[in-house]
Amino acid sequence: PVNEPDSVRLDIWLWRARFFRTRTLATDHLKGKGVRISRNGQTRRTDKPGAAISVGDVVTFGRGEHIRTVEILALGERRGPAEEARNLYRLLEIEP
């Protein structure tokens, strides 16, 4: 689409991709546990909900006993149904 931004806030993307039920939960998780963001071979850890992420970034974060590593395929424009949310990322690690 035209005018699609090239980055979005991490908390908003995690909420849109349905990893968290509310944006507040995503924000609290980021502040408490943080995530790793890999871009162009560089990995950094952040606990900032406002960190900018872009298509192609790889995000690693814990959810309960599982660690999720996902590649961002799209930023999304809204929090849509689960099927739409699954098109925003590709799971890179199989969870135990």
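1. T46 first: at 9% relative accessibility this residue counts as buried (under 20% relative accessible area; over 50% would be exposed and anything in between partly exposed, using a 1.4 Å probe on protein chains only). T46 lies in strand β3. For the labels, helices (H or I, at least four residues) and strands (E, at least two) are DSSP runs numbered from the N terminus. A polar atom of the T46 side chain sits 3.1 Å from the backbone nitrogen of K48. Once residues up to four places away in sequence are set aside, T46 touches L10, G34, V35, I37 and A51, where contact means heavy atoms within 4.5 Å.

2. Before going further, a word on what we are looking at. This is a predicted model, in which local features need pLDDT of at least 70 and side-chain atom pairs count only at pLDDT 80 or more, while totals for chains, interfaces and linings use all residues. Residues are numbered from 1 along each chain as its sequence is written, and side-chain values use heavy atoms, with hydrogens and water left out.

3. How confident is the prediction? The protein chain has a mean pLDDT of 92, and 92% of its residues reach 70 or more; pLDDT is the predictor's confidence in each residue, from 0 to 100. Within the chain, confidence is highest in α1, at 97, and lowest in β5, at a mean of 93.

4. The β2-β3 end is worth a look. Strand β2 (residues 35-39) and β3 run antiparallel and are joined by five bridges. Among the bridge partners in β3, T43 goes with S38 and R44 with I37. The two strands form a hairpin with two residues between them, and N40 in the turn has a positive phi of about 50°.

5. On to the aromatic rings. Rings of Phe, Tyr and Trp (its six-membered ring) pair if their centres lie within 6.5 Å, with planes under 30 degrees apart called stacked, over 60 edge-to-face and the rest tilted. By this rule there are five aromatic pairs. One of them is W13 with Y89, an edge-to-face pair at 6.3 Å centre to centre and 80° between the planes. W13 belongs to helix α1 (residues 10-16) and Y89 to strand β7 (residues 89-91), so this pair ties together parts that are 76 residues apart in sequence. Both W13 and Y89 are buried, and Y89 has a relative accessible area of 17%.

6. Y89 has another ring partner. The centres of F19 and Y89 are 4.7 Å apart with planes at 45°, so that pair is tilted. F19 sits in the loop between α1 and α2 (23-32) while Y89 is in strand β7, so parts 70 residues apart in sequence are tied together. F19 is buried at 5% relative accessibility. Taken together, ring pairs link W13, F19, F20, F61 and Y89 into a cluster.

7. D11 is also in helix α1, and this residue is buried at 1% relative accessibility. What does the D11 side chain make a polar contact with? The partner is the side chain of T27, at 3.1 Å. (A polar contact is a pair of N or O atoms within 3.5 Å; within protein, one must be able to donate a hydrogen and the other to accept it, and residues adjacent in sequence count only if both atoms are side-chain atoms.) Beyond its neighbours within four places in sequence, D11 is in contact with R23, A26, T27, L30 and P49.

8. Last, S54 and S7. S54 is in the loop between β4 (52-53) and β5 (58-63), and its side chain reaches the backbone oxygen of D6 at 3.0 Å. S7, in the segment before β1 (8-9), is partly exposed, with a relative accessible area of 29%. Leaving out residues up to four places away in sequence, S7 touches A52, I53, S54 and L75.

How values were computed:
Pairing = 2+ DSSP bridges.
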